[in-house]
Amino acid sequence: MNGLARIREVAARNRNLRFTNRMHHITEEMLREAYCALKRNAASGVDEVTWHEYGDGMEDRIKELHDRVQSGRFRAMPSKRVWIPKPDGRQRPIGIAALEDKIVQQAVVWVLNQIYEVDFLGFSYGFRPERNQHNAPDAIWVGIIQRRVTWVLDADIKSFFDTINHACLIKFLKYRIADLRMLRLIRKWLRAGVSEDGEWSRTEVGTPQGSVISPLFSNIYLHYVLDKWVQSWRTSKASGEVIIVRYADDFVMGFQYRGEAERFLEELKKRFAEYGLEIHGEKTRLIEFGRFVEENRAARGDGKPETFDFLGFTHMCWRTRENNCFTIRRKTITKRFRAKIKEVRKELLRRREEPVPLVGKWLRSVVQGHFHYFAVRGNMKTLEVFRRELNKAWFFALRRRSHKAKTLTSDRMNRLIKTWIPQPKLMHPFPNQMLHVNYSR
């Protein structure tokens, strides 16, 4: 993909350049690589074509797909809408694109990323190359500790993916993209609509959450609506420290002064209204949080500082045991912790008749995956409880296999646990060993 590297170089040299004729970068080879990059066991869209089925005669399919894309004959299919449960009991709509839409979207993402990775600001972490979900909590940890932050704005955008304004998105894309064929292709996906239980419905706003290209759309939209505006606001209007960390549509901000935080929030609501977005009133909070908060609240008799949740972790003001210095403790969000245990218990009961090695291998992968994300300093006791609860759930499931299974002893169960269930261990160092906040506001 040497041609893509040249796009990035040109984009970096001229931040105001509008790119023309980008479609020729979408070659048969790129479409083939895009197909191989897709998840093999992902659910199928309205076309009902799986990754493995498309692989039969893949070369001819890719050649024909490339011809349709380049000639403008490619037709986007509606996304299949499914609903998945959220930790709070509600349901989240997910859009599953047809397989060929996924392939072409992945290729378009690779092309556009070369332009927008140059433009996106450093505090944007979601769905970007060489950045992951851990970088954002690490950045907010470092920012609050290194800067004079005493107020935290924990913000939530109401139904963001469902309310993206198509006209605004196209306008933002045109700041950098002048290729009419590329824009026409993107409009096809925006207008394709959704299919639920066989019924098609038009989409006037929004982009399906779960599609390959939606994360890039969300980053482009918020880059212009939020990121650049925040950068300008804290430079021109703020007298104190202001930090921000954004992961897709979730963002947390830190302020030195309460008055500036409140003023920012009011101006943010007006800014969002201009582009069809809305701050979620019940989920957005301004709390006192930071190095000096404990002393300030104690002097006023207000009790312990409040906490905030971000990307799976509850963040708490804390003191180190060694030298009683301020730090931020991160702990698994209680609701998410309980929901995960409940989910695994249910699955263990469903699979209780399967061979023990097969279930043990699955359970080990679940525990390792959970530890890989949540094994940060300050959260190890929670992980020990998580492991203990899953061990008890597995023991309970095994004893329900049959009448004989009730004779399963604790010693036998302990051997199974030692064989299959890993102990928690620290997977992530202190955030300040990974990141450093180097902007003044």
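Predicted model: local features only at pLDDT ≥ 70, side-chain atom pairs only at ≥ 80, totals over all residues.
Arg128 sits in the loop between α5 (99–119) and α6 (135–146) while Glu117 belongs to helix α5, so the pair ties together parts that are eleven residues apart in sequence. Glu117 is buried as well, because its relative accessible area of 11% falls under 20%.

Next I turned to Asp138, which forms a salt bridge with Arg330, the closest N and O atoms being 2.9 Å apart. This pair links distant parts of the chain, since Asp138 lies in helix α6 and Arg330 in strand β11 (residues 326–332), 192 residues apart. I checked both residues and found Asp138 and Arg330 buried.

For a pair within one helix I took Glu343 and Lys340, which both lie in helix α13 (residues 334–350), three residues apart, or about one turn of the helix. Their closest N and O atoms are 3.8 Å apart in a salt bridge. Glu343 is partly exposed at 48% relative accessible area, and Lys340 also counts as partly exposed, at 25%.

Searching the whole structure, I recorded 25 salt bridges.

Last, I looked at an open sheet of four strands, ordered β6-β7-β3-β8 with antiparallel pairing. Its edge strands are β6 (242–247) and β8 (285–288), each pairing on one side only. Helix α11 (residues 258–274) lies across β3, β7 and β8, and runs at about 145° to β7.

How values were computed
Residues numbered from 1 in each chain as written. Heavy atoms only, no water. Pairing = 2+ DSSP bridges. Helix = DSSP H or I, 4+ residues; strand = E, 2+ residues; numbered from the N terminus. Contact = heavy atoms within 4.5 Å. Axes fitted to C-alpha atoms, helices over the stretch in contact; angles between N-to-C directions. Salt bridge = Lys/Arg side-chain N within 4 Å of Asp/Glu carboxyl O. Buried < 20%, exposed > 50% of the residue type's maximum accessible area, 1.4 Å probe, protein only.
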